[in-house]
Amino acid sequence: EDGKHCWPQLPLTALILDPVRASVICPNPATILKVARWMIESGDKSGLPVVRIKNKFSVNDSAEYDGYRDLMLSVLYTGVRGLRIIGEIQLHDARMHPLKVKMHRLYKVKRAVTAQSIC
């Protein structure tokens, strides 16, 4: 192995899980839990059922996410013609959100396939 990634012969867009994303900035962790509970309980009625939960608050190894914490809900939208899209709703603590904004450049570097793909 020469250190290059062995990506499948698919367009890189095939690796995108969440083409639609939204952020909700909550004043504290208790509110994050309330919003998450509401989203989970009302998902079928709203047409956006929660299909995956990624709780970065529960991770023991803070290095995995560079110390940043949030709660991410993947929701499934089904259009009138049956098109299904997974979207992501990120629930942030207001005190930590400025850190996310500053860390975004590092995130892009870590996820880049090549140096040229970093912009």
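Visitor: Why is Asp70 called buried in this predicted model?

Guide: The relative accessibility of Asp70 is 1%, and buried means under 20%, so Asp70 counts as buried. Asp70 lies in the loop between strand 2 (50-55) and strand 3 (71-78), and, not counting residues up to four places away in sequence, Asp70 touches Lys54, Asn55, Lys56, Phe57, Leu91 and His92.

Visitor: What makes the meeting of Lys56 and Asp70 a salt bridge?

Guide: Their side chains meet at 3.7 Å, N to O, and because a salt bridge requires a Lys or Arg side-chain nitrogen within 4 Å of a carboxyl oxygen of Asp or Glu, the pair of Lys56 and Asp70 qualifies. Lys56, at 12% relative accessibility, counts as buried, since the limit is under 20%.

Visitor: How do you know that Arg21 and Glu88 form a salt bridge?

Guide: The closest N and O atoms of Arg21 and Glu88 are 3.3 Å apart, which is again within 4 Å. This pair links Arg21 in strand 1 (residues 20-26) with Glu88 in strand 4, 67 residues apart.

Visitor: Why is Arg21 called partly exposed?

Guide: Arg21 has a relative accessibility of 48%, and partly exposed lies between the buried limit of 20% and the exposed limit of 50%, so Arg21 counts as partly exposed. Glu88, with a relative accessible area of 9%, is buried.

Visitor: What makes Arg95 count as exposed?

Guide: Exposed means over 50%, and Arg95 stands at 62% relative accessibility, so Arg95 counts as exposed. Arg95 forms a salt bridge with Asp93, and Asp93 is buried, with a relative accessible area of 4%.

Key
Residues are numbered from 1 along each chain as its sequence is written. This is a predicted model: local features need pLDDT of at least 70, side-chain atom pairs count only at pLDDT 80 or more; totals for chains, interfaces and linings use all residues. Side-chain values use heavy atoms; hydrogens and water are left out. Helices (H or I, at least four residues) and strands (E, at least two) are DSSP runs, numbered from the N terminus. Buried means under 20% relative accessible area, exposed over 50%, partly exposed in between (1.4 Å probe, protein chains only). Contact means heavy atoms within 4.5 Å.
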